[in-house]
Amino acid sequence: MAYIRVKLDEMMARRKMRLNELAERVGLTEANLSILKNDKAKAIRFSTLEALCAALDCQPADLLEFIKDK
Amino acid sequence: MKNNIQVYSRRLEWLSMLLIPAALGSLIFKWFFLKAPGDGIFCSYYARLSYDFAMVDMPLLFRFLGLLVDGIGFGLLCLGIVLFIKLLHRFQQGEIFSLSTISLFQRMGKLLLCWALYAPIGKTLAGLVVTFNNPPGHRILSLTFGTDELTNIFIFGFFVMLTSLMQKAYQLKSDQDLTI
């Protein structure tokens, strides 16, 4: 099944940022960030995406990837 | 501390558990021990028919048939009660709005709707079984479909529709929970 992958762990690794630090910067709970990181989320708000891009200094395309059906 | 739902669920669970053997007892009593259809409180329907039949002369086979015909409706109702007990058990565990409770509501609604649909057919068959041994011309086959039956069908139909709405609401809630 095709899905959108959130490449949060890759960006965090590049920026050498830990989950608790990112959670504090973005203003989300670690639990919610984990849901996002593990591709369990059903939707993402623009405000969250905006905050993530600001905290990680990246573009939305750096965080999201479309995985095709095999 | 237990909340109101848990306290009332426990009481209702006990009441529902008592209801099944009581209803089963009344069903068996009705078909095997009652002498005449108008004798007891359980036979108000047959009393209303006021025909000159009597269960005294009913052969055992027909009593079993009567029990079977009534038993189908009773079985549906009992299954509904069993599901209700399961639901109350979940409520006691603090599980109020989950996928399994909604599924129980849905199954209960469908069973009760089947019961409401079967009720007029069951009454017709029971009337026939009771009067089958009467002399020709005194046997009854009457299908009653009145306000009582329609009200039951409407209520349980509405209940089934509500459970579909609950399922949709649960889906929206879980989507909302997973929106970050």
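How much area do chain A and chain B bury between them, and what share of it is on carbon and sulfur atoms?

## The interface between the chains

This is a predicted model. In the model, chain A and chain B bury about 730 Å² between them, and 60% of that area is on carbon and sulfur atoms. Three residues, Lys42(A), Ala43(A) and Arg45(A), supply 59% of the area that chain A buries against chain B, more than any other three residues. The size of an interface is often given as the accessible area lost when the parts come together. The interface can also be described by residues in contact: eleven residues of chain A are in contact with five residues of chain B.

Polar links cross the interface as well. Four residue pairs are in polar contact between chain A and chain B, counting pairs with both residues at pLDDT 80 or more. The rule finds one salt bridge across the interface. Its partners are Lys42(A) and Asp175(B), whose closest N and O atoms are 3.6 Å apart. On the side of chain A that touches chain B, helix 3 (residues 30-37) of chain A gives the most, with three residues.

## The build of chain B

Chain B has five helices and zero strands. Read from the N terminus, its elements run α-α-α-α-α. Of its 180 residues, 36% count as buried. The accessible surface of chain B comes to about 10800 Å², and carbon and sulfur atoms account for 70% of it.

How much of the contact within chain B links residues 24 or more positions apart? Among contacts in chain B with a separation of 6 or more, such residues account for 73%.

## A nonpolar patch on chain B

Four residues, Leu24(B), Ile28(B), Phe29(B) and Phe33(B), form a nonpolar patch on the surface. Together they have about 370 Å² of accessible area. One of them, Ile28(B), has its place in helix 1 (residues 4-32) of chain B. Ile28(B) has a relative accessible area of 34%, so it counts as partly exposed.

## Salt bridges within the chains

Side chains of opposite charge can pair when their charged atoms come close. The structure holds seven salt bridges over all chains. One of them joins Arg5(A) and Glu65(A), with the closest N and O atoms 3.2 Å apart. Arg5(A) lies in strand 1 (residues 3-6) of chain A and Glu65(A) in strand 2 (residues 64-67), so this pair ties together parts that are 60 residues apart in sequence. Arg5(A) counts as buried because its relative accessibility is 19%, which is under the 20% limit. Glu65(A), at 29% relative accessibility, counts as partly exposed.

A second example lies within one helix. The side chains of Glu21(A) and Arg25(A) meet in a salt bridge, at 3.3 Å from N to O. Both residues lie in helix 2 of chain A, four residues apart, which is about one turn of the helix. Glu21(A) is partly exposed, with a relative accessible area of 33%, whereas Arg25(A) counts as exposed at 51% relative accessibility.

In chain B, the side chains of Asp70(B) and Lys30(B) meet in a salt bridge, at 2.5 Å from N to O. This pair links distant parts of the chain: Asp70(B) is in helix 3 of chain B and Lys30(B) in helix 1, 40 residues apart. Are these two residues buried or exposed? Both Asp70(B) and Lys30(B) are buried. Elsewhere, in chain A, salt bridges that share partners join Arg5(A), Glu10(A) and Glu65(A) into one network.

## Two loop residues

Gly27(A) lies in the loop between helix 2 (19-26) and helix 3 of chain A. Its relative accessibility is 62%, so Gly27(A) counts as exposed. Gly27(A) and Thr48(A) are 21 residues apart in sequence, and their C-alpha atoms are 8.9 Å apart in space.

Ser98(B) is also a loop residue, placed between helix 3 (60-92) and helix 4 (99-131) of chain B. At 14% relative accessibility, Ser98(B) counts as buried. The side chain of Ser98(B) makes a polar contact with the side chain of Ser100(B), at 3.2 Å.

Definitions and conventions. Residues are numbered from 1 along each chain as its sequence is written. Chains are lettered from A and ligands numbered from 1 in the order in which they are written. Side-chain values use heavy atoms; hydrogens and water are left out. Patches are made of residues with over 30% relative accessible area and no salt bridge: like charges are joined within 9 Å, nonpolar side chains (Val, Leu, Ile, Met, Phe, Trp, Tyr) within 5 Å. Accessible areas come from the Shrake-Rupley method with a 1.4 Å probe; for residues, only the protein chains shown count as cover. Buried means under 20% relative accessible area, exposed over 50%, partly exposed in between (1.4 Å probe, protein chains only). Contact means heavy atoms within 4.5 Å. Buried area is the accessible area (1.4 Å probe) that two parts lose on being put together, summed over both. A polar contact is a pair of N or O atoms within 3.5 Å; within protein, one must be able to donate a hydrogen and the other to accept it, and residues adjacent in sequence count only if both atoms are side-chain atoms.
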